[in-house]
Amino acid sequence: MYGPGLSRRSLLKGMAAGAGAMAAGPLFSGSAFAAREKELNILCWEGYNSAQVLDPFRAKTGATVKAESLTNDPTMINRLRAGEINTWDLINVNNPWARKVMLPEKLIKPLPKEQFEPFFAKMLPSFKWPYKWAMSDDGSELIGMVQRFGPYSFVVNTDKISRKTAEDTGWNLFNDPALAGKYGILESDDWNVFGIFIVAGIDPFKVHTPEEMATFDETAKRVFKGAKLIGDIASMNQALISGEIDLHLTGGTYSVSPARADGHPNLRAITPLKGPLTGGKGGISWIEVTSTVNNPQLSPLALDFLKYVQAPEVAHTVAFAEGTFNPVAQMGNPDCFKLFTKEELDAIQWDSLEEEMARSVEYDIVPDYDKALDIMNAAKRLRG
């Protein structure tokens, strides 16, 4: 939690005063905290900013709730580093960032375990307490709550490229000259860095040699040159449906599920059977972790919202919020799972979810990400 004898309010007082932040003290009773009792700000991936998720919470609390969605984790974290730690109450990013970066940098604060540990008992088996990515490195602190997850590699139109071919060939599809001009690239900087490394036959989640970075450069130039288009989720799905492209990287359940839900089951997220990742795995999975920001005037609604989204009905709403559809850890609760229709389960590829997660490594941090991003952006600019 916050240390022996230390309440959340006393911690807030100490931080606001700029001294004694880690010492126990009297309950905070100043106006700053009270002023935020009806205000909540969330920095997140698409979905948690949906009115379907937020409006019931607004109605229940009478609060002003603002949520901003971005499409890559490093940008969100850099916003906190740049001073927006005083703006946001909750941050929702992929699995390694809370444990490896934000907690060590004091950008987030631990959750009260006694309040949140019970929720893990009703999650899917792989997320049971103590779930690795929700905990501090030493396992002593609960640093966030998990909900949405899924495999994320690439997407194909199975009428053009069969599922078997895509799974067997894997990322080498994007090395096939015959497919140049027939694929798209979904805008998402960190995921595309991962993808380019894997197309090059290199594990992204390690320190790279100069020779490997040269191969990454060469691959990035070729892959971006061969792309028919670069765009957002909606434009990728529309291009697949219209036949403008046959496949795109990177992508997965998160990106293709809206198209599947609209009656296009031939569009499918693919997790390759093998690849250059640890253990010879071919795909990457993501697990979102939502944490409380180390805001000196943290809204008390932050903890309330984290509890709110655990409820079966709300978890189902989060899974099928407008924009993208995804499995959620709360599907381990029968009261939550029964809310998913057969069509919804098909949209999120529930039939193969377990096996695809098993042949994926979990999203991690690229040690030389900034250098790789510069190389990739240069390759993108060569398109003109």
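In this predicted model, Gln349 is found in the loop between α15 (342-347) and α16 (350-358). The phi angle of Gln349 is near 55 degrees, which is a positive value in a residue other than glycine, and Gln349 is buried, with a relative accessible area of 2%. Lys106, in the loop between α5 (96-102) and β4 (108-109), also has a positive phi, near 60 degrees, but Lys106 counts as exposed because its relative accessibility is 59%, and the cut-off for exposed is over 50%.

| Residues joined | Omega |
|---|---|
| Trp129 and Pro130 | about -5 degrees |
| Leu249 and Thr250 | about -25 degrees |

Pro130 belongs to the loop between α6 (113-120) and β5 (145-157), whereas Thr250 is part of strand β8 (residues 247-252).

Turning to the helices, six of the eight residues of α12 (residues 301-308) are buried, so this helix is largely enclosed by the rest of the structure. The buried residues are Leu301, Ala302, Leu303, Phe305, Leu306 and Tyr308.

Two packed helices are described by the angle between their axes and the distance between the axes. The axes of α9 (residues 210-226) and α17 (residues 369-381) come within 8 Å and cross at roughly 30 degrees, and α9 and α17 are therefore roughly parallel to each other, with a crossing that is right-handed. On the α9 side the contact is made by Met213, Phe216, Asp217, Ala220, Lys221 and Phe224, and on the α17 side by Lys371, Ala372, Ile375, Met376, Ala379 and Lys380. Of the residues in this contact between α9 and α17, eight are nonpolar, none are polar and four are charged.

Methods:
Residues numbered from 1 in each chain as written. Predicted model: local features only at pLDDT ≥ 70, side-chain atom pairs only at ≥ 80, totals over all residues. Heavy atoms only, no water. Buried < 20%, exposed > 50% of the residue type's maximum accessible area, 1.4 Å probe, protein only. Helix = DSSP H or I, 4+ residues; strand = E, 2+ residues; numbered from the N terminus. Axes fitted to C-alpha atoms, helices over the stretch in contact; angles between N-to-C directions. Parallel < 35°, antiparallel > 145°, perpendicular 65-115°, else oblique. Left-handed = near helix turned anticlockwise from the far one by under 90°. Contact = heavy atoms within 4.5 Å. Nonpolar A, V, L, I, M, F, W, Y, C, P; charged D, E, K, R; others polar.
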